[in-house]
Amino acid sequence: MAEADGSSRAFLGLSDVSISEDIPVEGDISMPPTSSLQDDGFSTLDEPVKDTVLRDLKAVGNKFVHVLYPKKSKALLRDWDLWGPLLLCVTLALLLQGGSVDSKDDGGPQFAEVFVIIWFGSLIITLNSKLLGGTISFFQSLCVLGYCIMPLTVAMVVCRIVLLGGSGTVSFVVRLVVVCASFGWSTFASTAFLADSQPQNRKALVVYPVFLFYFVIGWMILTFAPAQ
Amino acid sequence: MANTKDPFEFQEFEEAESLLEETRDATTINIDDVNEFRNQRRPGGDEVEEDLLANDDKAELLSGQRKNAPFWTFDYYQKFFDVDTCQVRSRIIGSVLPWRGKNFIELYVRRNPDLYGPFWICATLVFAIAICGNLSKFLVNLGSPNYKYTAEFGKVTIAATAIYSYAWLVPLALWGFLLWRNSKVMNLVTYSFMEIVCAYGYSLSIYIPAVVLWIIPSEGLRWFSVVLALCLSGSVLLLTFWPAIKDDHIRVSIAFMSTIVVLNVLLAVGFKAYFFSSESPHQQTNNSSVVTLVQSKPHS
């Protein structure tokens, strides 16, 4: 009996437990765009194609803006998509074509080589960060790494424009500065998203492969020599 | 004491010291004690063998605990990535500083071989060789008007094949050989495959700064850095593998050691000759024009 009284006394305190009103509770209950295609009454089959396409385009554009101004955002990581990385990869590979083509094959990278380097490299880095104990999911990591190629693609466009004006020392210095700046930006943007998901004493181990990845892509852009 | 406590109240367990006060004879195990015990028997000579024996037992026990996941699962590979940044850094430094009596595997890798170091050091070396080779060729040919700069991406594939086969096939061969010798002659020290891969992977790390130095088009500097890198990495490898083979016949030991050295030398000199040849194409076109002149002479 004494024990029953004791236990009911323990529960007395629970009745005035409540969440105080000044702790903000926030969240986002919107679902990622891809899952809305599947079921639950609201189907996208009935809406105009323009709406569907524009919604996805807006999501992609939103992520581009996030890469331009990198700040940690959980919503960005959650709504991953691979359209942006595909677009950037194809653009970069196309722009790297048209280099000096000799009769020997020692020239710039082929289209397939750029593709393989980017996707295979992203895959290896994602596997590496997951094996080291990261909490980010597989496709989220691929998404972040792909989107952060954007500064390097912009640098490629700038380099091609600069090369139209000639390929002397001045143009090389300009291209070097542009590529270095965009490489730094890419690495900084991707670590802003990725570094949080790693255990504290392994951050450098995860950041280094990302650095190497963007360095190699930057090198490919810098050594692009147009056919003369 | 427990039965007077309210069952719904959180029970705090007392500190180890206060629990010990009640039963002074209870056996305790302190993790630091184990390391102190091993460290006390450190300096070389015969004590090293006993130490290695003891560690062998521990290694066998611990490696038995780890082999639970089958090799096609993700978890199997996760245990090879159980390293921190400071551990990787100390392993890299340890692989370039040979110290008599200190064995790289014994000191750094034992019981925790990792795949992170070998894989990423090899990847870095592949790209470093391709990029620095390209740069050095550009610098050598800077003055000549005939030279047209190409990026030479085909060389990345060649470098990758060479480096990854050195870092993975040679350890496989060495491990198989050691396994075979172990069935014939009882050795005190055995290395697992992953530990040998670790030793070879980390030993390649000295070549990264060496390759960067080779950009400077000075033959003397290049040969000096080749020899230095060879000596450092070769001696670390020799010191590592000597305890594993020294109990065997003297001829087998010497053949084994010299194979390690020869492969190392071949790798370094091969890289230098293939990626960093200091012949400019100006000289090369001269040679080919001389050859065509000689060939056309009989006709005239």
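Visitor: How do you know that the span of helix 5 of chain B agrees with its 12 residues?
Guide: First, a caution: this is a predicted model. Now the check. At 1.5 Å a residue, helix 5 of chain B should span 16 Å. Its end C-alpha atoms are 18 Å apart, so the two values agree.

Visitor: Which residues of helix 5 of chain B are called buried, and what makes them so?
Guide: Among them are B:Val88, B:Arg91 and B:Val96. Buried means under 20% relative accessible area, so each of these falls under that cut-off.

Visitor: Why is the pair B:Asp82 and A:Arg202 called a salt bridge?
Guide: The side chains meet at 2.9 Å, N to O. The limit is 4 Å between a side-chain nitrogen of Lys or Arg and a carboxyl oxygen of Asp or Glu, so the pair qualifies. Between chain B and chain A the count is two salt bridges.

Visitor: Which helices of chain B supply at least two residues each to the side that touches chain A?
Guide: Helix 4 (74-78), helix 5 (85-96) and helix 7 (116-140). Helix 7 of chain B gives the largest share, nine residues.

Visitor: How do the residues on that side of chain B divide?
Guide: Into 16 nonpolar, six polar and five charged.

Visitor: How much area do chain B and chain A bury between them?
Guide: About 2700 Å², with 67% of it on carbon and sulfur atoms. B:Tyr116, B:Trp120 and B:Phe153 supply 23% of the area that chain B buries against chain A, more than any other three residues.

Notes:
Residues are numbered from 1 along each chain as its sequence is written. Chains are lettered from A and ligands numbered from 1 in the order in which they are written. This is a predicted model: local features need pLDDT of at least 70, side-chain atom pairs count only at pLDDT 80 or more; totals for chains, interfaces and linings use all residues. Side-chain values use heavy atoms; hydrogens and water are left out. Buried area is the accessible area (1.4 Å probe) that two parts lose on being put together, summed over both. Helices (H or I, at least four residues) and strands (E, at least two) are DSSP runs, numbered from the N terminus. Ala, Val, Leu, Ile, Met, Phe, Trp, Tyr, Cys and Pro count as nonpolar, Asp, Glu, Lys and Arg as charged, and the others, Gly among them, as polar. The expected span of a helix is 1.5 Å times one less than its number of residues. Buried means under 20% relative accessible area, exposed over 50%, partly exposed in between (1.4 Å probe, protein chains only).
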